[in-house]
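Here are some questions and answers for working through a structure at the level of its residues. Please keep the sequence and the 3D view open while reading.

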Amino acid sequence: GIITLGRTNTPEFGIKGITEPDAWGSCANPWHLKHNSGGSSGGSASAVAAGIVPVAGAGDGGGSIRIPASYCGLFGLKPSRGRTPWGPGMSEAMHGAAMQHVLTRTVRDSAAMLDATQGFESSSLFKIEAPLQPYSEVIQQPPKQLKIAFSTVSPIGTPVSKDAVNAIQYTAKILESLGHIVIEDQPAIDGMALAKDFITTWFSQFSYMLAQIKQQTHAKDQDFELDSLALAAFGAQTSANEYIHNLSNWGGYVRQMNYFFDQYDLYLIPATASVAPRNGEVTTPSWQKPILKMLIKLGKAHYLTRGKLVEQIIRENLKWVPFTQLANITGLPAMSVPLYWNKENLPLGSQFIAPFAREDLLFQLATQLEQAQPWISKYQEIKV
């Protein structure tokens, strides 16, 4: 019964946490048009927040549902690994780190869409256990008292804005008022190591995808953005040993999260490190562009990923969004809930991560929060 209205703006190949491709320009944030909508599902987020459509498709391989949800004041849930199939001919994306769902204004609409799209498909690598009852029914049942851990510390040591800290502290107070137990704690995971493993997978997978596209379409380097070519060049130099070592680490992060959820029901962290950046604020510095072009032409761009420069590249790529990759690598369900707006009326989402296949728990809590702190009235303040 869903009618597709059209296509919206997205960064080239969906590889960034902002939406301002060379082809289409910046995607304005409905809350403040000089700010960006985030990415990679930025156009979807702007369309829903502005009231053009009630629901828009979105994908999440490193935060691309939760980041624009945070920046645009929407509800955005990334399902568990395997919950929503990719369809005939495609078993998974990025080893299951990337999942598909939607961006919505209400919890109800997200739950209804997951009811319609979840389930086994013959191309899927494994069959995830189906929910015991439809999510649209689950949201009508309040959650039990929950024990929730929270943290506002960036896992890669980058700055976290006062808005992000305020958003989580504000959310913690709401949770306590609802009878939940909130404790400051975090899983025993090396955040920089996880970020390196994520970046290795991300760059390598993108390098393969770009090579496939060039082969199928006969496109040339000049047909792609400089940042896309740089990422592909970095990823092309990953050895098989490095890549397998990276993937073997994923199980360790899953194990640590399983230990963590032996103590807690949910994990609360900011969805983003700040409110939405201004258009043009997150970009490759102009002085770096000629250097990158030269290194790509010489086939030496991968030299930038060696030694201590690796951590610098990670911090530069993820400093705006260091909190989302954990759920992708571990395959856990996670959601961004719009509870906080700053003095400039820019939103910042509160992110909850749940144990595997517990979308029901996320939906229940989100509904409770939506009833306790209704955000739907905030959309009346948007003037576009």
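**A buried aspartate, strands, salt bridges and cysteines**

In this predicted model, the side chains of Asp197 and Asn249 are joined by a polar contact of 3.1 Å.

Q: In which helix does Asp197 lie?
A: Asp197 makes its polar contact with the side chain of Asn249. The stretch that holds Asp197 covers residues 191-217, and this is helix H6.

Q: Which side chain of opposite charge is nearest to Asp197, and how far away is that side chain?
A: Asp197 is buried and has no salt bridge. A salt bridge needs a nitrogen of Lys or Arg within 4 Å of a carboxyl oxygen. The nearest side chain of opposite charge is that of Lys196, at 8.6 Å.

Q: Which residues does Asp197 touch, not counting residues up to four places away in sequence?
A: Asn249, the partner in the 3.1 Å polar contact, is one of the residues touched. With neighbours up to four places away in sequence left out, the list is Asn246, Asn249, Trp250 and Tyr253.

Q: How many residues of strand E5 are buried?
A: Strand E5 covers residues 99-104 and is mostly covered. Of its 6 residues, the number buried is 5.

Q: What is the bridge partner of Ala58 in E5?
A: Strand E3, residues 55-60, runs antiparallel to E5, and 6 bridges join the two. Within E5, Ala58 is partnered by His101.

Q: What is the bridge partner of Gly76 in E5?
A: E5 is also joined to strand E4, residues 75-78, by 2 bridges, and this pair runs antiparallel. The partner of Gly76 in E5 is Leu103.

Q: With which residue does Arg66 form a salt bridge?
A: The search of the whole structure gives 10 salt bridges. In the one made by Arg66, the closest N and O atoms are 2.9 Å apart. Both side chains belong to buried residues, and the partner of Arg66 is Asp60.

Q: Is Arg108 buried or exposed?
A: Arg108 forms a salt bridge with Asp109, with the closest N and O atoms 3.0 Å apart. Asp109 counts as buried because its relative accessibility is 17%, and the cut-off for buried is under 20%. The cut-off for exposed is over 50%, so Arg108, at 53%, counts as exposed.

Q: What is the relative accessibility of Arg358?
A: Arg358 forms a salt bridge with Asp360, the closest N and O atoms lying 2.8 Å apart. Asp360 is partly exposed, with a relative accessible area of 22%. Arg358 also counts as partly exposed, and its relative accessibility is 33%.

Q: What is the relative accessibility of Cys72?
A: Cys72 is in no disulfide, and its nearest cysteine sulfur is that of Cys27. Cys27 counts as buried at 8% relative accessibility. Cys72 counts as buried too, and its relative accessibility is 0%.

Note on methods
Residues are numbered from 1 along each chain as its sequence is written. This is a predicted model: local features need pLDDT of at least 70, side-chain atom pairs count only at pLDDT 80 or more; totals for chains, interfaces and linings use all residues. Side-chain values use heavy atoms; hydrogens and water are left out. Buried means under 20% relative accessible area, exposed over 50%, partly exposed in between (1.4 Å probe, protein chains only). Helices (H or I, at least four residues) and strands (E, at least two) are DSSP runs, numbered from the N terminus. Two strands pair if DSSP finds at least two bridges between them. Lys and Arg count as positive and Asp and Glu as negative; His and the chain ends are not counted. A polar contact is a pair of N or O atoms within 3.5 Å; within protein, one must be able to donate a hydrogen and the other to accept it, and residues adjacent in sequence count only if both atoms are side-chain atoms. Contact means heavy atoms within 4.5 Å. A disulfide is a pair of cysteine sulfur atoms within 2.5 Å.
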